[in-house]
Amino acid sequence: MEFSRRKFVRTAATSVAAAGTLLSSTAKAAVSKNKKVKVAVIGCGGRSNRDIPNFIKACDMLGLEAEYVAIADAFEDKAFEQADKYEVSRDKCIVGWDAYQKVAESDAEFVMLITPPSFRPQHLDTLVEAGKHVLMQKPVAVDAPGCRRVIAAGERAKKKGLAILAGTQRRHTIGYMENAARIQNGAIGEILGGTVSWNGNVPWIWERQKGWNDADYLARNWLNWWQMSGDHLGEQHVHNIDVANWYLGRTPQSAIGFGGRARRESGNNYDFFSLDLDYGDGVHIHSQCRQISGTYPRVGEFFRGTEGEVQGGGKLKGKNVSIPEFNVMDKDGNVQELITWIQSARSGNPINEARQIAESTATAIMGRYAAYTGKYVRFRDLIENTESEFYDLKATVQAEDFEKGTVVLPEENVVPVPGDGGEIRRRV
């Protein structure tokens, strides 16, 4: 479908909106100084079909004009597809495993990092060094060293005054923000426990085509390989885990759990996980997710407190408490987060969600380690404890391997089996 900005509905800022995104007259003036917003995209997969038009809409609502100066992907067909769709000249397409380096050298002010999660720590490092404001879609790593690399890059970004957005749109969705404020002000008392879940289907599978090498297949079918996606526990369910960390105001201390493979016929992900996330002080959150077609779908969060309960961004039963009046320009958190990103960068008060999303990603990785091995895994084993077996545990394929040409495809349809140190692997 041909894209036109006229198809987007122009809306005025409502009286309800996001914390940290208040558009004061001073901020609006700062945003409006330079009408052109130069932006680049790295990664032209399915998510770019939302992020590209949403960025254009966000600019439009701020009275700005998005100018795409680079469309980058490892594969020419993917880059050309998005360039043609959004009327960007093909001479602005950058192709190859090193495309991110060329984007870093471009005059883009904002860069949308929509690559598979395994690439994000390396790409963020390079873009921060180049002085770019970065949207990095969640999750941001597939192993513990990657999470720590993102945290370090985020700290450098703070010193440089760069805006780092995480792609966790619930944090920019009015219902979730209002409930977070109510919880913080005691509406449901102390949270005692709850459940976070993402149960649905396998989103897609790319079968290997003639002429693809191992790197091509791994990158095109990335969703189904844990080395690329972090398994669906991280790739999808991290949204719900992030809400738990947000509402509780801390990360869990440890995880135990299990998972398995039942139906999938591609890659090496599990089909389901069930975890006990221990947040300390007797607070336990049940984290569960599943990707199996024909099963009951449930996506959301539920928390019970000493004086009430809440369903994620939905109904809250508890005490009436006062909360700040927030201002959002769009009720869709996918758009509002981009408005926040642009406004914060242009106003000199840059948002920085690097640590937040790295910690939520690490929570998911902790759960994956626990399920794959059957072991008790602590959060500090990934972030602080250098003596832990998990601290330096890297995925068997790293982002650098693609540029070096040393990618070796992991065994397909062979998954970890817990017990005996997690060394047993079973073909399914």
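Y372 is buried, with a relative accessibility of 7%. This comes from a predicted model. The ring of Y372 pairs with the ring of Y270: the centres are 4.9 Å apart and the planes stand at 65°, so the pair is edge-to-face. Y270 sits in the loop between β8 (254-260) and β9 (272-278), while Y372 belongs to helix α13 (residues 354-373). The two are 102 residues apart, so-called distant parts of the chain that the pair links. Y270 is buried too, at a relative accessible area of 1%.

**Aromatic rings**

- A pair of aromatic rings is described by the distance of the centres and the angle of the planes.
- There are 19 aromatic pairs in the structure.
- One of them joins F55 and F110, whose ring centres lie 6.1 Å apart with 55° between the planes. That pair is tilted.
- F55 lies in helix α2 (residues 48-61) and F110 in strand β4 (residues 110-113). This pair also links distant parts of the chain, 55 residues apart.
- Both F55 and F110 are buried.
- F55 and F110 belong to one aromatic cluster together with Y68 and W341.

**Arginines over rings**

- R148 lies over the face of Y391, 3.5 Å from the ring centre.
- R220 lies over the face of F75, at 3.9 Å from the ring centre.

**The sheet**

- Six strands make an open sheet with parallel pairing. Their order is β3-β2-β1-β4-β5-β6.
- The edges are β3 (93-95) and β6 (164-165), and each of these strands pairs on one side only.
- Strands β1 (residues 36-42) and β2 (residues 65-73) run parallel and are joined by seven bridges.
- V37 has A66 in β2 as its bridge partner.

**A buried loop residue**

- Q169 is in the loop between β6 and α7 (174-184).
- Its relative accessibility is 11%, so Q169 counts as buried.
- Beyond its neighbours within four places in sequence, Q169 is in contact with R47, H239, G333, N334 and E337.

**Helix α5**

- Helix α5 (residues 120-129) has ten residues, and eight of them are buried, so the helix is largely enclosed by the rest of the structure.
- The buried residues of α5 are R120, P121, Q122, H123, L124, D125, L127 and V128.
- G131 follows α5 and has a positive phi, near 80°.

**Nonpolar cores**

- The largest nonpolar core holds 50 residues. Y247, F303 and L382 touch the most other members.
- Leaving aside neighbours within four places in sequence, the contacts of L382 include A144, R148, I365, Y369, F390 and Y391.
- A second, separate core has 34 residues, among them I52, F80, Y86 and L135.

**Salt bridges**

- Side chains of opposite charge can pair when their charged atoms come close.
- The whole structure contains 24 salt bridges.
- K36 and E67 form one of them, with their closest N and O atoms 4.0 Å apart. K36 is in strand β1 and E67 in strand β2, 31 residues apart.
- K36 is partly exposed at 37% relative accessibility, and E67 is partly exposed at 23%.
- R90 and D84 meet in a salt bridge of 2.6 Å, N to O. R90 is partly exposed, with a relative accessible area of 43%. D84 is partly exposed as well, at 41%.
- D214 and R208 form a salt bridge whose closest N and O atoms are 3.0 Å apart. D214 is partly exposed, at 24% relative accessible area, and R208 is partly exposed, at 37%.

Key. Residues are numbered from 1 along each chain as its sequence is written. This is a predicted model: local features need pLDDT of at least 70, side-chain atom pairs count only at pLDDT 80 or more; totals for chains, interfaces and linings use all residues. Side-chain values use heavy atoms; hydrogens and water are left out. Rings of Phe, Tyr and Trp (its six-membered ring) pair if their centres lie within 6.5 Å; planes under 30 degrees apart count as stacked, over 60 as edge-to-face and the rest as tilted. Helices (H or I, at least four residues) and strands (E, at least two) are DSSP runs, numbered from the N terminus. Buried means under 20% relative accessible area, exposed over 50%, partly exposed in between (1.4 Å probe, protein chains only). A charge sits over a ring if NZ of Lys or CZ of Arg is within 6 Å of the ring centre and within 35 degrees of the ring normal. Two strands pair if DSSP finds at least two bridges between them. Contact means heavy atoms within 4.5 Å. A nonpolar core is a set of buried Ala, Val, Leu, Ile, Met, Phe, Trp, Tyr and Cys residues joined through side-chain atoms within 4.5 Å. A salt bridge is a side-chain nitrogen of Lys or Arg within 4 Å of a carboxyl oxygen of Asp or Glu.
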